[in-house]
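Grab your viewer and work through these exercises with the structure on screen. Each one has a task, then a solution in steps.

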Amino acid sequence: MAGQFKYGVSLYSYTEDFGSIMTLEDGFDHIADTGATGIEILGETHVECYPEPSAEWLDKWFGLLDRHQLEPTNMCSWVDTKLRLGCQLTVAEGAAELERDLRLAHRLGFKSLRPKFGVIDAELTPDPIWSGAVERVLDLANKFDIVICPEIHSPTPIRHPAVDGYIDFIERTGTPNFRLLIDTGIFQNRPLKGWQHEVPEGDSDHAKLINGIAVDPEEFLDIAKYVAFIQAKFHYINDDLQCENIPWDKVIPVLKRAGYDGYLSSEYEGTREPWVAIDQVRRQHVLMRQLEAQYDAALADA
């Protein structure tokens, strides 16, 4: 039998709920109620007094992890290379932002950090300082046993110079502390429904974001050995437990064939209305677990 997935949830899924109808405690409740074992967060959004939470907040964080038997999976952070107009972040400054977030991730128990560097084009090519900045903090990441994972996110496909650059970095440095994070939004092959603005036509960058870039899931096999974490992006699961945008019936078998046994961390990014995400995340967990069970059953019968 192929390796088994781990199931998690990103608190980002509950963006419209968090801070209004949902407290941190409520978020833990809903995540644990799906049967998930992992929790993913955005540092700046979900850590009170980021990047220096109080001792009381840390006590609450670890108390909730213990109560709900959840493990911290991935912390998302940003390296704001274009925070100030006309002033580009240097490699040293970028490394300092990474070090700040590595130290916080370590304090919270995370073993994966997703930094998002500023980009230089519409295909999300990262600012060239990324490699120098990351290389400066690899020893610290190794000391903390944390893997730094840049995100492969639509409209960046798998076969793209940015991805090649990340893989070249892994091969050149030989580091175990830098891998890829795949956002499953790259597999979206049908337009989003319920988009609040006019759906653009043609092949514009905006249209790609709404209609999907339809990466062939089979391409995952080419980079599987470099992937450490998967954000299970989705937008809408209907009443028949069918995802209307992402072909999970093709994605899950490929991940299984690749031997991926890491986290599928739900990342809901559909209609932003209170309460909707809570139900949608539950539906996605049922769908993904059903597909994994079907794959395993078929393999056992073969």
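**Exercise 1.** How many bridges join β8 to strand β9 (residues 263-268), and do they run parallel or antiparallel?

A word on the model before we start. It's a predicted one, where local features need pLDDT of at least 70, side-chain atom pairs count only at pLDDT 80 or more, and totals for chains, interfaces and linings use all residues. Residues are numbered from 1 along each chain as its sequence is written, and side-chain values use heavy atoms, with hydrogens and water left out.

*Solution.* 
- Step 1: Find the strands; these are DSSP runs (E, at least two residues), numbered from the N terminus, while helices are runs of H or I with at least four residues.
- Step 2: Count the links: five bridges join β8 to β9, and the two run parallel. Two strands pair if DSSP finds at least two bridges between them.
- Step 3: Pick out a partner: A232 is bridged to S266 in β9.
- Step 4: Now look at β7 (residues 180-183), which runs parallel to β8 and is joined to it by four bridges. Here L180 has V227 of β8 as its bridge partner.
- Step 5: Check how covered β8 (residues 227-234) is: seven of its eight residues are buried (under 20% relative accessible area, with a 1.4 Å probe and protein chains only).

**Exercise 2.** Which strands stand at the edges of the sheet?

*Solution.* 
- Step 1: Trace the open sheet of nine strands, with parallel pairing, in the order β5-β4-β3-β2-β1-β9-β8-β7-β6.
- Step 2: Go to the ends: β5 (147-148) and β6 (151-152) each have a single partner strand, so one side of each lacks a neighbour in the sheet.

**Exercise 3.** At roughly what angle do the axes of α4 and α5 cross?

*Solution.* 
- Step 1: Set up the axes, which are lines fitted to C-alpha atoms, for helices over the stretch in contact; angles run from 0 to 180 degrees between N-to-C directions.
- Step 2: Read off the geometry: α4 (residues 91-108) and α5 (residues 129-144) have axes that come within 8 Å and cross at roughly 30 degrees.
- Step 3: Classify it: the helices are therefore roughly parallel (angles under 35 degrees).
- Step 4: Look at who touches: the contact includes L98 and L102 of α4, and V137 and L140 of α5.
- Step 5: Sort the contact residues of α4 with α5: there are 12 nonpolar (Ala, Val, Leu, Ile, Met, Phe, Trp, Tyr, Cys and Pro), three charged (Asp, Glu, Lys and Arg) and three polar (the others, Gly among them).

How values were computed: Angles under 35 degrees count as roughly parallel, over 145 as roughly antiparallel, 65 to 115 as roughly perpendicular and the rest as oblique. Contact means heavy atoms within 4.5 Å. Buried means under 20% relative accessible area, exposed over 50%, partly exposed in between (1.4 Å probe, protein chains only).
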